[in-house]
Amino acid sequence: MKGVKIGLEIHEQLDTKSKLFCTCPTDYRDAEPNKSICPVCTGQPGSKPFGLNEKALNAAIKIAIALNCKIVADKPVQMRRKHYIYPDLPSGYQRTSESIGVDGNLDSVQIHEVHIEEDPGRFFLREGFVDLNRSGTPLIEITTDPVFDSPQHAREWLEKLASILDYLNVTKKEEGTMRIDANISLNNGNKVEIKNINSFRNVEKALTFEITRQGDLLRRGQTVERETRHFDEKMILTSPSRKKETEEDYRHMPDPDIPPLTIKKYLVDKIRKTLPELPQAKTKRFVKQYKLSGQNAENIVSDPYAADVFEAVVKTIDPVLASNWFVGQLKKTLNYNNMKLRDSKMTEKQLSSLLKLTEKGKITERAAELVLREMVLRPAEPEKVIENLGISDFGDLNTIIKSVVDKNEKAAADYKTGKKEAFEFLVGQVMKITKGSADPEKIRKLLKKRL
Amino acid sequence: MKLSEKVQAYLDAINRSKLNAFVSINKNAENDAEKIQRKINSGKAGRLAGYVFSIKDNIAVSGMRLTCASKMLENYVSPYDATVVKRIIAEDGLIIGKTNMDEFACGASGETSYFGPTLNPHDEKRVPGGSSAGSAASVAAGLCDVSLGSDTGGSIRCPSSFCGVFGLKPTYGSVSRYGLVDMAMSLDQIGPITKNVSDAALVLSVINGSDKMDNTVVKRQEDYTKFTRKNIKGMKIGVVEEFFDGCDHNVEKAVRDGIEALKGKGAEIVNASVPKTSIAVPTYYLNMFAEFSSAMQKFDGLKYGFRKNGSDLNDTVAESRSALGEEVKRRILLGTYITMKEFRSKWYSTALKAREAIKHEMLAALKKCDLLTGPTMPFTAFKLGEKIKDPIEMYLSDMLTVSANLSGLPAASIPLNVKGLPVGMQLHANAGEEGKILAAAAAYERATK
């Protein structure tokens with residue numbers, strides 16, 4: 001879109017066992033409120049941060065490398081205090097590091113910088129209740145330059161970023177841990193920041209709303225105010241936050257409790273070697289090695305687990321057939337159940353066996369899809385599922401057709417004398433036996449052949 | 001004497017005392033005494049068995065109030081032990097109570113406490129010095145054996161000087177601050193206040209050394225008790241002339257006599273100079289204000305401490321913080337002001353640079369000698385109310401003590417052998433060289449006995 005400039009700030013929890021500056025566990029979701037806490041992460045008077053959680057730092061370095069950032073190595077990186085007062089922030093300041101990586105790039109989008117910080121606790125405004133279990137959980141913050149020209153572009157890029165984070169396997173997997181701030185300006189006007197958006201789809205919606213709102217203001221000759229806004233998911237609109245936030249001065253200062261840390265060059269090299277094959281490279285390889293379409297390859301690769309299963313399956317199944325299943329029926333079934341492939345207990349072998357049956361024409365595609373729907377939820381060998389579903393006897397459509405024709409000699413004879421209704425009757429009989437799971441076109445074809 | 005008898009005697013003395021040195025008394029003191037006594041009897045006691053401690057009320061003792069002598073934390077009970085407290089208890093030291101202090105350690109006289117001023121045991125019309133007022137007073141008045149204080153700009157050494165006891169601020173980063181309520185994180189250090197040098201050496205030996213709960217402490221634990229018997233022959237002691245500028249005549253005389261006594265023990269006395277002493281006070285206050293305003297953010301009335309509900313969140317925080325005393329509020333406001341975007345380069349950044357310059361000079365002076373000396377305070381204990389109305393006058397009393405904190409160096413105040421009000425002589429050493437201070441102080445003790 002012309003004149004639209006969008007920048008993103010992405011926060012995601014790092015997948016470490018303990019918090020950033022104390023040894024409390026980070027799996028607060030399963031814990032009773034205010035149980036995964038200690039004097040440090042509740043800001044008790046006199047408590048001090050323990051040493052920085054190295055696993056969190058290493059995870060951040062890994063992410064920064066994957067985003068093609070320059071790592072700030074061999075010079076001191078300070079932890080800083082960002083001051084503000086809110087019930088979920090027990091110390092009255094948030095600890096946030098200086099940049100770990102700078103000047104990155106992902107898919108032609110410039111990454112401004114990457115750093116780590118502490119997550120605050122959670123404040124439930126209506127209940128007037130604070131849960132500090134989350135307080136001190138390590139976060140990665142990724143900031144892009146304002147280079148997106150449309151809400152859709154921003155969403156698509158976020159999906160790519162999510163896929164990379166998925167591959168790196170150092171961030172939390174649970175839904176809703178990612179929070180995004182989006183800033184947007186029209187025609188080089190004032191920048192508006194929309195804070196704390198919880199999904200990619202909502203990023204797109206919030207930005208779309210903003211474009212309309214700001215566009216309307218400009219058309220009427222008014223100016224867009226520089227401010228912070230919040231996205232209301234239900235109303236699908238943004239509204240201004242407390243006025244103060246825009247004027248807030250966080251009084252950043254180095255945290256005297258934490259000596260500056262120096263990321264050693266050799267550590268960066270060591271971490272670089274542990275990087276997995278990333279989506280872009282894998283997509284290219286899939287296209288070349290398995291002769292997949294670019295679209296199919298990208299689709300499969302976007303989920304690292306699915307990509308691994310795919311590679312196991314194609315050891316025995318034709319890759320193109322398998323890829324069509326992965327992006328087609330399999331994806332559809334998973335989406336329908338609101339699942340990812342890794343959520344299903346179905347094994348690679350079970351999936352391979354099913355595809356083998358379709359590859360050999362042992363069962364129809366329609367039947368295979370029915371079987372797949374069942375297998376995703378209640379995994380078993382496909383033969384077993386076919387039997388359980390009571391569709392075992394149409395395993396070979398020809399056999400069924402033969403038995404239908406044999407049983408209905410009159411109808412068969414009528415058809416041969418030109419009665420169209422007789423043919424439809426026979427198709428219906430086959431359909432009845434296959435419980436509607438057989439492809440009617442295929443039945444017609446095979447039936448005509450037999451008669 | 002059995003420990004429980006000693007504890008009982010101290011409890012009685014505290015009860016009778018009018019000094020207002022204590023904020024809380026350990027209700028389990030008698031039980032603790034019996035437990036430790038059993039260990040002593042069976043020969044299994046730690047190295048602090050028999051010692052009765054008072055602890056400044058900005059250091060956390062699990063289950064006891066941690067008030068910082070403020071209305072804000074009047075009813076706050078600490079859920080955990082400070083690392084130094086853990087170590088003292090592990091060596092069978094007994095904690096008898098928590099001592100009065102300037103509110104949140106903001107003061108040099110012991111007068112800003114919400115619980116009222118502490119009095120000087122040598123003259124109850126005079127201040128004991130601050131901010132570890134009750135700690136020094138309790139040791140000087142015989143209400144305990146030893147005390148732990150904290151020192152950000154002289155808070156151990158000033159009251160030690162005014163009360164006539166030995167007080168040591170260790171090297172920054174040698175004693176864990178975990179459990180010490182922050183004043184200025186890059187300056188704060190916990191240290192002992194004692195009647196004699198060997199007690200201080202013993203306490204320091206127990207509390208020093210690395211702690212995973214305080215990142216700034218990296219050195220291994222060291223034993224300092226051996227240094228008190230060390231000969232100081234040939235030790236080079238630099239007399240810093242600037243430290244005597246504007247200092248009272250009787251103080252100067254007492255300190256020069258003290259230096260003579262060290263010379264008599266074989267020390268080599270040389271001249272030294274730290275010209276930037278003249279900018280030490282503003283440099284210290286600006287650095288401290290900035291860090292203090294950050295440290296005090298957590299006292300918002302939302303989680304613990306005093307709370308007064310207002311019309312909205314900001315109002316509630318503001319109302320709750322009205323519980324803080326005048327001096328504390330002044331420092332928060334000034335610290336906030338100098339770290340604001342518009343003013344920080346003029347004030348805070350300049351103060352950071354000045355701090356480096358002072359450190360540079362102190363280290364340069366210490367390259368030429370083992371110790372630097374001069375008075376701890378430019379005057380003896382002043383009268384209650386004498387300076388409290390004039391913050392600038394009060395701030396200037398810190399002129400000789402703040403350079404040690406700004407430079408991260410160890411420094412001690414040694415009680416001099418004088419008639420009348422106590423006078424302290426200050427000794428500074430290079431980082432990690434507390435041993436030299438202890439050796440010289442012990443030598444002085446022997447010379448004047």
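Me: What makes β6(A) and β7(A) a pair of strands?
Reply: In this predicted model, five bridges join β6(A) to strand β7 (residues 109–118) of chain A, and the two run antiparallel. Pairing requires at least two bridges, so the strands count as paired. One link is between Val102(A) and its bridge partner in β7(A), Glu113(A). The hairpin of β6(A) and β7(A) has two residues between the strands, and Asp107(A) takes a positive phi near 55° there.

Me: How do you know that strand β2 of chain A pairs with β6(A)?
Reply: Two bridges join strand β2 (residues 70–71) to strand β6 (residues 101–106), again in antiparallel fashion. Lys70(A) has Val102(A) as its bridge partner in β6(A).

Me: Why is chain B said to agree with a compact globule?
Reply: For 449 residues, such a globule would have a radius of gyration near 22 Å; chain B has 21 Å, so the two agree. The C-alpha trace of chain B spans about 70 × 60 × 45 Å along its principal axes, and 60% of its 449 residues count as buried.

Me: What makes up the side of chain B that touches chain A?
Reply: Contact here means C-beta atoms within 7 Å; by that criterion 31 residues of chain B are in contact with 25 residues of chain A. Helix α8 (residues 280–295) of chain B gives the most to this side, with three residues. By type, the residues of this side of chain B divide into 16 nonpolar, seven polar and eight charged.

Conventions. Residues are numbered from 1 along each chain as its sequence is written. Chains are lettered from A and ligands numbered from 1 in the order in which they are written. This is a predicted model: local features need pLDDT of at least 70, side-chain atom pairs count only at pLDDT 80 or more; totals for chains, interfaces and linings use all residues. Two residues are in contact if their C-beta atoms, placed from the backbone, lie within 7 Å. Helices (H or I, at least four residues) and strands (E, at least two) are DSSP runs, numbered from the N terminus. Ala, Val, Leu, Ile, Met, Phe, Trp, Tyr, Cys and Pro count as nonpolar, Asp, Glu, Lys and Arg as charged, and the others, Gly among them, as polar. The radius of gyration is taken over C-alpha atoms; the globule rule is 2.2 Å times the number of residues to the power 0.38. A residue is buried if 20 or more other C-beta atoms lie within 10 Å of its own, exposed if 12 or fewer, and partly exposed in between; C-beta atoms are placed from the backbone.
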